[in-house]
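Please read the following explanation alongside the sequence and the coordinates. It goes through the architecture of one chain, then its contacts with the other chains.

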Amino acid sequence: MKRSIIEEYLARLFMYAAVAMVIYFVASVVLSVFMRGFPLLSWEMVSSLPGGGFYMGGGGGFLNAIVGSLYIVGGATVLGLAISIPVVFFLNVYLKPGSRFAFIARLAYDVLFGIPSIVYGAFGFTLMIYFGVRASLLGGTIVVTLLIIPIFIRSMDEVAKTIPTELMEAAYSLGSTRWETIAVIVRQIAPAIATATLLSIGRAIGDAAGVMFTAGFSDRIPTSLTQQTATLPLSVYFQLQSPSLEVQDRAYAAAVVLTLIVLVLSISGRIIMNHFSRNKIQ
Amino acid sequence: MIKLFSGKSGGHDNFSVNNKFPHPANMRLSTHSLSVYIGGNPILKHVNVEIPHNKITCIIGPSGCGKTTLLRTFNRLVDTIEGVKITGVVQLGDRNIVTAGPSELTEIRRTIGLVPQRPCPLPMSIYDNIAYGCRIHGISGRKKLDAIVEYYLRAVGLWDEVKDRLHSPAGKLSGGQQQRLCLARSLAIEPSYLLADESTSALDPLSSRTVEELFVELKKDYSIVMVTHTLRQAKRIADHVIFMYLGEAIEEGDADQVFNNPRHELTQRYLDGGFS
Amino acid sequence: MFILTISSLLLVVAMGIGLYMKASPILHEHSLWDLLSASEWKPMKNQFGFFPFLMGTLWVSGLALIISIPISMLMAIYLTEYSHSVVRRFVYPFLDILAGLPSVIYGVWGMLLIVPWVSNVAAPWVGRNTTGYTVLACGIVLGVMVIPLLVSLFIEIFSNVSHELREATFALGATRWQATKHVVLRKTLPGILAAIVLAASRVMGETIAVIMVCGNLAIAPNSLLDACYPIPALIANNYGEMLSMPLYESALMFAAFILFFVVLVFNLFSRLVLKKIEAQ
């Protein structure tokens with residue numbers, strides 16, 4: 001056989017191996033977490049607060065972390081959407097295609113997207129010190145909001161950019177104002193908003209480094225914005241450091257809950273994308 | 001233009017730049033009941049044609065008739081389309097192109113060259129664009145390759161224009177130059193057949209004419225199959241014509257006969273501008 | 001709208017300035033070179049040597065890239081150049097999941113599987129004895145984490161190569177792999193480099209997964225089986241104590257600033273290259 005053909009088959013073999021490895025990694029990560037944590041999961045775990053301090057053991061669950069994460073993610077998603085939707089419109093409707101400002105803005109969001117969450121955390125922390133705010137639900141929510149704004153903007157902008165200018169021109173030529181044009185665009189990028197939201201929730205709920213500085217940790221459910229709050233990732237991380245096996249078990253169970261949430265988000269994100277891309281004008 | 005194909009070049013006694021691969025004599029290219037389906041839809045239906053030697057064969061017909069698919073079946077480039085299925089036979093010498101395995105396929109593609117629709121130089125230098133095909137078919141050695149590159153650049157009349165910048169990127173050439181480079185690249189692996197898919201359509205009139213003249217020169221040594229949209233071009237240069245309509249080869253014959261005295265009513269309607 | 005756009009843009013600038021201002025006290029006290037090259041980390045004695053942490057980040061990021069680049073590239077080549085669309089529809093969800101899993105889950109995976117593997121299999125194999133919390137474990141975890149990013153970047157880059165160019169190469173008798181190797185990869189080389197730089201910046205900033213498997217030992221590693229202490233781990237591990245000493249806080253903010261600066265430069269470079277490619 002010719003050398004080039006042998007090389008071809010070898011290359012293919014390596015490619016199959018690479019794909020198999022990636023699938024193996026996915027299975028390995030998900031299954032190892034599930035196998036360790038799933039048997040430990042119980043209704044009590046997800047519905048009660050840790051008893052006797054999270055570090056010491058003494059029964060209970062991690063409801064504090066679930067609720068804390070929901071608070072932060074809910075707040076950040078609402079705030080993030082409120083900020084990024086106008087920005088996407090500004091970039092796509094008010095600025096002409098090829099505008100220098102739009103180029104710089106998009107570049108900046110790309111960069112912000114790449115900045116690690118620990119840096120967001122450190123920056124948020126310095127801000128909080130400056131304003132005299134202590135680690136709290138409020139601080140965590142703000143940092144997570146900053147963290148997910150670039151995700152929102154980038155993923156919505158990606159779709160908004162593909163809206164044909166003819167469509168906008170058609171809307172204009174029918175005598176509609178920019179605001180009415182916006183309505184046209186909203187209909188076009190609605191699925192993108194949905195997927196971007198799911199994506200951001202996934203990122204927000206999994207973020208640990210950003211909230212470590214800014215939200216702190218607490219065994220109770222916060223009752224005001226100024227109280228510290230637990231989050232799921234941090235409850236996994238902190239409880240794994242505990243010498244008590246019971247607390248470690250709780251960490252593994254929390255890891256299962258976190259993985260489940262993220263899996264559901266990622267799968268429904270893809271379903272929405274597939275579903276909507278069929279009847280969207282390309 | 002420099003005299004074409006002046007036999008040996010470069011002064012290497014035991015190596016001929018234009019006779020470096022084995023050439024089995026008289027490899028006929030023909031199809032027998034060739035059908036091509038893409039995603040279940042028939043694109044070609046039971047096509048039987050034969051490509052004559054040392055002539056320019058033009059495939060004509062309204063758009064969507066399967067001209068390009070037929071052309072791309074000859075060197076199995078249709079394989080790159082997802083969901084493609086080929087039945088029937090494409091005979092090249094004693095080989096069936098349709099059933100060729102990967103190793104045979106590289107050999108077939110060397111024997112049946114392609115000049116692309118739009119110029120697309122490989123992301124390499126001018127020199128390497130010509131040398132690349134020879135290298136992957138096992139020819140090495142600086143001196144041999146130098147001689148080959150010069151010979152084929154001369155053959156397409158590009159040598160004098162680029163001889164001082166052989167090692168600069170091919171992408172910097174003008175469109176017409178790029179297309180001649182692509183032609184030289186195809187010729188350098190010594191195909192017996194040359195497929196051209198509207199190879200002049202993306203060029204300005206002057207470059208287009210240059211390339212067209214080259215094809216006429218080249219038929220001395222190659223059998224050329226062209227797909228063309230412009231009937232005028234076909235009338236200018238075709239020796240042999242295949243008229244296709246809705247995936248079928250309706251009429252095939254000598255250019256004079258097909259253009260002046262078509263046997264089939266559909267051909268007549270097409271020539272009269274009945275459909276485009 | 002304009003104000004929102006501008007202010008979200010200025011976040012980059014604000015971050016740089018804010019972190020720099022917080023870092024400046026330590027830069028007044030010690031020279032930049034001293035900070036980066038000294039290896040003693042004793043905040044109580046006013047010794048702030050970042051060398052072990054820089055080396056930790058370098059080792060870990062380097063290893064993660066060495067692991068992830070070949071796998072991601074082969075996978076992206078397979079998905080763009082070879083595979084049937086049915087295969088793609090099957091494989092993409094796996095990449096989605098890999099991309100979506102939070103870093104703490106990767107950390108848990110590292111602790112459950114990779115760290116024991118390093119300590120029970122890899123280290124004894126070369127005759128060493130470790131706890132498993134090493135550069136190797138950290139590099140593997142980070143390498144797997146960054147695969148989905150690299151694959152999606154590579155796929156985007158490879159898809160930008162025109163179909164005609166591939167066909168022209170096939171038409172010369174090149175095999176698919178030859179066309180990939182000689183034409184697609186060569187044509188996309190700048191994009192590939194940009195993607196790798198982007199992945200490097202992602203790996204360098206990863207925090208929680210790293211903390212959980214790196215060993216957190218402030219000594220510059222000398223081999224894959226040494227513990228390490230990358231910069232993000234340094235920041236995250238000490239945030240609780242840093243308020244007690246002004247210089248300590250400044251030192252950690254300096255670490256965050258280094259991270260910010262490197263990631264900023266890497267991102268600017270690679271995004272500009274990628275945008276240029278996209279525009280072609």
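## Domains and chain contacts

Chain A is split into two domains, with domain 1 covering 2-40 and domain 2 covering 45-279. The structure is a predicted model. Taken over C-alpha atoms, the centres of domain 1 of chain A and domain 2 of chain A are separated by 30 Å. Where the two touch, domain 1 of chain A supplies seven residues and domain 2 of chain A supplies six residues. On the domain 1 side of this contact in chain A, five residues are nonpolar, one is polar and one is charged.

The next contact to consider is that of chain A with chain C. Here 61 residues of chain A are in contact with 63 residues of chain C. On the chain A side, the largest share, 19 residues, is provided by helix H1 (residues 3-37) of chain A. The class count for the side of chain A that touches chain C is 46 nonpolar, ten polar and five charged residues.

One helix pair between these two chains can be followed in detail. Helix H10 (residues 232-240) of chain A and helix H5 (residues 103-125) of chain C have axes that come within 9 Å and cross at roughly 30°. Since angles under 35 degrees count as roughly parallel, H10(A) is therefore roughly parallel to H5(C). The crossing of H10(A) and H5(C) is left-handed. From H10(A), the residues taking part are A:Pro233, A:Val236, A:Tyr237 and A:Leu240, and they meet C:Val104, C:Val108 and C:Met111 in H5(C). By class, the contact of H10(A) with H5(C) has seven nonpolar residues, no polar and no charged ones.

Chain A also touches chain B. How many residues of chain B are in contact with chain A? Four residues of chain B are in contact with five residues of chain A. Helix H2 (residues 102-111) of chain B contributes three residues, the largest share of the side of chain B that touches chain A. That side of chain B consists of two nonpolar and two polar residues, with no charged residues.

A last point concerns confidence in chain B. The mean pLDDT of chain B is 87, and 93% of its residues reach 70 or more. Over residues 1-13 of chain B, however, pLDDT stays under 50. For residues 1-13 of chain B the model has 21 contacts beyond four places in sequence. Where pLDDT is low, predicted coordinates should not be read in detail.

Key: Residues numbered from 1 in each chain as written. Chains lettered and ligands numbered in written order. Predicted model: local features only at pLDDT ≥ 70, side-chain atom pairs only at ≥ 80, totals over all residues. Helix = DSSP H or I, 4+ residues; strand = E, 2+ residues; numbered from the N terminus. Nonpolar A, V, L, I, M, F, W, Y, C, P; charged D, E, K, R; others polar. pLDDT = per-residue confidence, 0-100. Axes fitted to C-alpha atoms, helices over the stretch in contact; angles between N-to-C directions. Parallel < 35°, antiparallel > 145°, perpendicular 65-115°, else oblique. Left-handed = near helix turned anticlockwise from the far one by under 90°. Domains from an automatic or database assignment.
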